[in-house]
Amino acid sequence: MMRIDDPLLIRTADMLRKARYPIAFTGAGVSVESGIPAFRGDGGIWEKYDPKTLYIDYFYASPKEAWEVIREIFYTFMGRCSPNRAHEVLAHMESEGMLKAIITQNIDNLHQQAGSREVVEFHGNSQRLCCTRCSLTRPASELTLETLPPLCECGGIFKPDFVFFGENIPEQAFQASVREVEQCDLLLIVGTSGEVAPASLIPSQARRNGADIIEINPSPSNYTATLTDVFLQGKAGEIFDHLDQLLFSDKKNMNE
Ligand code: OAD
């Protein structure tokens with residue numbers, strides 16, 4: 001476990017203070033300490049479930065079967081989880097002006113629940129359902145999901161408003177991510193393996209624009225050896241707890 005006086009952490013706090021437009025890019029790893037398993041690796045979601053349930057062609061061909069698995073993974077369980085220290089500190093950093101935005105691949109809504117305001121939902125959000133026929137959007141909490149697939153008043157099938165394999169990234173989110181990446185001079189990569197394109201291309205775009213790259217992950221990712229300037233090896237919740245103290249504890253003392 002990284003100590004709070006680790007030179008890499010001190011350097012990171014310094015880089016964050018000096019950055020003009022720091023942003024974060026997050027993946028499943030940021031929610032692991034909330035009890036949500038990551039997709040890949042030991043104990044990952046794809047060890048227990050077949051990824052075919054998240055292919056858009058399978059969803060349209062077998063909506064009931066697809067929904068039964070989707071309900072179990074994303075609603076019964078994930079719906080009960082709450083933000084952890086990493087989500088909280090990221091929201092705190094934004095409210096203190098030390099983070100401009102988060103581009104997240106996660107669909108669990110935990111950044112938003114923690115209070116982050118500028119969140120680009122690159123893969124959508126499970127808390128919304130969208131009718132595949134008339135495009136009406138409803139909060140998932142308004143539907144019981146007892147009878148599957150859930151149907152819209154128009155008779156169409158509701159689909160979770162997140163990106164399935166084989167679907168495009170929502171245009172608005174894609175454009176927003178491009179704008180953020182063009183502006184950023186520091187990118188904080190948190191808890192992503194870098195396996196799924198086009199999201200996985202974001203760090204190299206930021207690098208091409210001259211941004212410094214800081215990465216938080218307990219194990220090296222696709223980025224660590226090639227793009228990362230500062231690798232903070234450890235769990236997101238622990239590292240962010242340290243960063244919060246390094247960035248804000250002086251301020252707290254002054255206010256006391
Ligand atoms: P992955 O499951 O591929 O990667 C999770 C990463 O989090 C790994 O690099 C882990 O080492 C790291 N990790 C694990 N525990 C952590 C912790 N406590 N703190 C920090 N990091 C930790 O997840 P993603 O990269 O997000 O797509 O996957 C990308 C996309 O693939 C997802 O958005 C999803 C999936 O198919 C959709 O849902 C559309």
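Colleague: Which space does the ligand take up in this predicted model?

Modeller: A pocket is found on a 1 Å grid over the protein atoms alone, as an open set of points with protein on both sides within 12 Å along at least five of seven lines, and a molecule sits in a pocket if more than half of its atoms lie within 2 Å of its grid points. Here the space taken by the ligand is the largest pocket. Before we go on, note that residues are numbered from 1 along each chain as its sequence is written. The model is predicted, so local features need pLDDT of at least 70 and side-chain atom pairs count only at pLDDT 80 or more, while totals for chains, interfaces and linings use all residues, and side-chain values use heavy atoms, with hydrogens and water left out.

Colleague: Which residues come nearest to the ligand?

Modeller: A residue is near a molecule if one of its heavy atoms lies within 4 Å of it. There are 21 residues around the ligand, and those that come nearest are Ala28, Arg40, Thr192, Ser193 and Asn217. The shell divides into nine nonpolar, nine polar and three charged residues, where Ala, Val, Leu, Ile, Met, Phe, Trp, Tyr, Cys and Pro count as nonpolar, Asp, Glu, Lys and Arg as charged, and the others, Gly among them, as polar.

Colleague: Is Phe59 buried or exposed?

Modeller: Buried means under 20% relative accessible area, exposed over 50%, and partly exposed in between, with a 1.4 Å probe and protein chains only. Phe59 lies in helix α3, residues 56-61, and it counts as buried because its relative accessible area is 1%. Glu146, in contrast, is found in the loop between β5 (137-139) and β6 (158-162), and Glu146 counts as exposed because its relative accessibility is 66%. Helices (H or I, at least four residues) and strands (E, at least two) are DSSP runs, numbered from the N terminus.

Colleague: Which residues of helix α5 are buried?

Modeller: An α-helix has 3.6 residues a turn, so residues three or four places apart point the same way. In α5, residues 85-95, the buried ones are Ala86, His87, Val89, Leu90, Ala91, Met93 and Glu94. At the start of α5, a side-chain oxygen of Asn84 comes within 2.7 Å of the backbone nitrogen of Ala86.

Colleague: Where is a cis peptide bond with omega of about -5°?

Modeller: Most residues other than glycine have a negative phi, and most peptide bonds are trans. The cis bond you ask about joins Leu148 and Pro149, and another, with omega about 5°, joins Ala197 and Pro198. As for phi, Asn109 has a positive value near 70°.

Terms used
1 Å grid on protein atoms, 1.4 Å probe; cavity = no way out; pocket = protein on both sides within 12 Å on 5 of 7 lines; lining within 4 Å. Polar contact = N/O pair within 3.5 Å; in protein donor to acceptor, adjacent residues only side chain to side chain.
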